[in-house]
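Please examine the sequence and the model shown below. The paragraphs that follow lead through selected contacts, helix packing and charged pairs.

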Amino acid sequence: MNDDQIFEQFRMWRSWTVGSVEGLTEEIIDHIPEHHRNNIRWNMGHILAGWDHTVSQTLDIERMLPLQYHVMFPRESSPADWNEQPPSYEELLKQLKEQPDKMIEVCRGKLDQPLKDEFFHMKTLGEMFLFHMNHEALHMSTINIIKRAAKHQLVK
């Protein structure tokens, strides 16, 4: 598999992620269903921050997202921990749409570059790229579960 095939997969998955969150209300994106720690807004930010963190760290470049994303959306965090206003839905959606082109631009020709530290036995940026596509699919599924629960619970 070559770089362009991997990048096209990324674009495809991201278009599905964007499609799953477009047109939602603030009430739906901020709803945390029973037995969940997070909402759709958190999942959107978490997807963005994960990509940004890995790529900037591996390529030793400045983060492309504001520090706020890395503070509010890391693994194991929750909206319950927030002490400031999160990015708006419109901003998160814009970032989700724009991020693939930025990631592809800085990663083209560098997927064989070693990670600074192994991550779940992954050793290269390309392996991490594939991991993040799967991670995004997992969070897209979570977004769809939360969306269904929110629509059901908020109707009552």
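**Contacts, packing and charged pairs**

Leaving aside its neighbours within four places in sequence, asparagine 43 is in contact (heavy atoms within 4.5 Å) with Asn38, His139, Thr142, Ile143 and Ile146. The model is a predicted one, in which local features need pLDDT of at least 70 and side-chain atom pairs count only at pLDDT 80 or more, while totals for chains, interfaces and linings use all residues. Residues are numbered from 1 along each chain as its sequence is written, and side-chain values use heavy atoms, with hydrogens and water left out.

Asparagine 43 belongs to helix H3; helices here are DSSP runs of H or I with at least four residues, strands are runs of E with at least two, and both are numbered from the N terminus. With a relative accessible area of 2%, asparagine 43 is buried. The term buried means under 20% relative accessible area, exposed means over 50%, and partly exposed lies in between, with a 1.4 Å probe and protein chains only. Asparagine 43 also lies 7.8 Å from phenylalanine 73, C-alpha to C-alpha, although 30 residues separate the two in sequence.

The packing of H3 against other helices comes next. Two packed helices are described by the angle between their axes and the distance between the axes. Axes are lines fitted to C-alpha atoms, for helices over the stretch in contact, and the angles run from 0 to 180 degrees between N-to-C directions. Helix H3 (residues 40–59) packs with helix H5 (residues 89–107) at an angle of about 25°, and their axes are 10 Å apart. H3 and H5 are therefore roughly parallel to each other. Angles under 35 degrees count as roughly parallel, over 145 as roughly antiparallel, 65 to 115 as roughly perpendicular and the rest as oblique. The crossing of H3 with H5 is left-handed, a term used if the near helix is turned anticlockwise from the far one by less than a right angle, with right-handed used if it is turned clockwise.

On the H3 side, the residues that meet H5 include Met44, Ile47, Leu48 and Trp51, and their counterparts in H5 include Leu92, Leu93, Leu96 and Met103. The residues of the contact of H3 with H5 comprise 13 nonpolar, three polar and two charged. In this division Ala, Val, Leu, Ile, Met, Phe, Trp, Tyr, Cys and Pro count as nonpolar, Asp, Glu, Lys and Arg as charged, and the others, Gly among them, as polar.

H3 also packs with H1, at an angle of about 160° and with the axes 11 Å apart. That angle makes H1 roughly antiparallel to H3. The crossing of H1 and H3 is left-handed. Phe10, Arg14, Thr17 and Val21 of H1 make this contact with Ile40, Met44, Ile47, Leu48 and Trp51 of H3. Its residues divide into seven nonpolar, one polar and one charged.

Attention now turns to charge. Side chains of opposite charge can pair when their charged atoms come close. The whole structure holds 10 salt bridges, each being a side-chain nitrogen of Lys or Arg within 4 Å of a carboxyl oxygen of Asp or Glu. One of them joins arginine 11 and aspartate 101, at 2.5 Å from N to O. Arginine 11 lies in helix H1 (residues 3–21) and aspartate 101 in helix H5, so this pair ties together parts that are 90 residues apart in sequence. Arginine 11 is partly exposed, at 30% relative accessible area, and aspartate 101 is partly exposed too, at 46%.

A salt bridge also joins glutamate 26 and arginine 41, whose closest N and O atoms are 2.5 Å apart. This pair links distant parts of the chain, 15 residues apart, with glutamate 26 in helix H2 (residues 26–29) and arginine 41 in helix H3. Glutamate 26 is partly exposed, with a relative accessible area of 37%, whereas arginine 41 is buried, with 4%.

Two loop residues complete the account. Histidine 35, in the loop between H2 and H3, has a positive phi of about 70° although it is not a glycine. Histidine 35 is exposed, with a relative accessible area of 80%. Aspartate 60, in the loop between H3 and helix H4 (67–72), has a positive phi of about 55° and is likewise not a glycine. At 63% relative accessibility, aspartate 60 counts as exposed.
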